[in-house]
Amino acid sequence: MTDVFETAAAGRRQLLLSRRIFLAGLPLALAGCQTARLEQTPLEMPAAVLPRVDPYYAAMYGPIDDEPFPIPALDVAKIEPRWLRQQVAFDGAERAGTVVVDPDQRHLYLVGEGGTAMRYGIGVGRDGFAWNGEATIRRKAAWPTWTPPAEMVKRDPRAAPYANGMPGGLDNPLGARALYLYQGDRDTLYRIHGTTEPWSIGQAVSSGCIRLFNHDIIDLHRRVPVGSRVVVRPSRMA
């Protein structure tokens, strides 16, 4: 009979030990489940977890197939709404038709009538912080050629093959369109252009002037004629 009680007691001790081991390992197990969920792609996530995509923006930033180089759709679910093109109230002193660049706020405004403007998210490079003032759009280009500055060709071997210019295309740093800013007959070397790096919109990137999503620079290029006035506000980061 003693053997029976001892066997039962040993079984209870083993059960308690197993329970302790299970409880001790539970946080790690739950952490493992959480990690697995974080690694799921959006299509694998439950519908309740998926971000809601406004059909208006999904259409605005959908694929563009009627260009010499078809432009793929942007995944607007991954973009902060403040960087998407939208009409907003505008209380600046600039007249309708003026392009206003605010590098610190990472926004470009095309001033409209009645205290409104079309606002675009922008990425700002080192050159974008360095220059401010007024200029005129003297030239517009679709799928422009990019010619790296001589100093870039010297310091960056990747730029050297394009010392005489890189033809337009989806890999071209100027993107689908470019607006060239002049003061009188002098080229300011300041550009408003598209980008091959949509993730850089809203960011301060390493080089370049003012960049927009390719979808947005196409829209702006269509709206502003040559001769349009551009105002670049001073930056506190210059």
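Predicted model: local features only at pLDDT ≥ 70, side-chain atom pairs only at ≥ 80, totals over all residues.
**Entry 1: Helix α5**

I began with helix α5, and I noted that its buried residues pack against α2 (55–60), β3, β4, β6, β7 and β8. Here buried means under 20% relative accessible area, exposed means over 50% and partly exposed lies in between, with a 1.4 Å probe and protein chains only. A contact means heavy atoms within 4.5 Å. The helices (H or I, at least four residues) and strands (E, at least two) are DSSP runs, numbered from the N terminus.

Residues are numbered from 1 along each chain as its sequence is written, and side-chain values use heavy atoms, with hydrogens and water left out.

Going back to α5, I listed its buried residues as N214, H215, D216, I217, I218, D219, L220 and H221. Since 8 of the 10 residues of α5 are buried, the helix is largely enclosed by the rest of the structure. I also looked up how α5 (residues 214–223) is placed, and it lies across β3, β4, β6 (133–142), β7 (177–183) and β8 (186–193), running at about 50 degrees to β7. For that angle, axes are lines fitted to C-alpha atoms, for helices over the stretch in contact, and angles run from 0 to 180 degrees between N-to-C directions.

**Entry 2: The whole protein**

I then stepped back and counted 5 helices and 10 strands in the protein. Of its 238 residues, 40% count as buried. Among contacts between residues at least 6 apart in sequence, 63% join residues at least 24 apart.

**Entry 3: The sheet**

I followed the strands across and found an open sheet of 10 strands with mixed pairing, in the order β1-β4-β3-β2-β10-β6-β7-β8-β9-β5. At the edges stand β1 (86–89) and β5 (123–124), each with a single partner strand, so one side of each is left without a neighbour in the sheet. Two strands pair if DSSP finds at least two bridges between them.

I looked at β4 next, and 5 of its 6 residues are buried, so this strand is largely enclosed by the rest of the structure. Strand β3 (residues 107–111) and strand β4 (residues 116–121) pair in the antiparallel sense over 5 bridges. Within this pairing I noted L108 with its bridge partner Y120 in β4, and H107 with its bridge partner G121. The hairpin of β3 and β4 has 4 residues between the strands, and G114 in this hairpin takes a positive phi near 65 degrees. β4 also pairs with β1 in the antiparallel sense, over 4 bridges, and there Q87 stands opposite M118 in β4.

**Entry 4: β8 and H193**

I checked β7 and β8, which run antiparallel and are joined by 5 bridges. They form a hairpin with 2 residues between them, where G184 in the turn has a positive phi of about 65 degrees. The bridge partner of Q183 in β8 is R186. To strand β9 (residues 210–211), β8 runs parallel, joined by 2 bridges.

H193 is buried, with a relative accessible area of 5%. Not counting residues up to four places away in sequence, H193 touches P173, L174, R177, A178, C209, I210, R211, L212 and I217.

**Entry 5: The largest pocket**

I looked up the largest pocket, and it has a volume of about 1,200 Å³. Of the 34 residues that line this pocket, the closest to its centre are W146, P149, M152, S207 and G208. On a 1 Å grid over the protein atoms alone, a pocket is an open set of points where a 1.4 Å probe fits, with protein on both sides within 12 Å along at least five of seven lines, and lining residues have an atom within 4 Å of a point. Grid points are joined across faces, edges and corners, and the volume is the space filled by probe spheres set on the points.

I noted that α3 (126–130), α4 (150–155) and β8 each supply at least two residues of the lining, and that β8 gives the most, with 5 residues. The lining divides into 14 nonpolar, 9 polar and 11 charged residues. Ala, Val, Leu, Ile, Met, Phe, Trp, Tyr, Cys and Pro count as nonpolar, Asp, Glu, Lys and Arg as charged, and the others, Gly among them, as polar.
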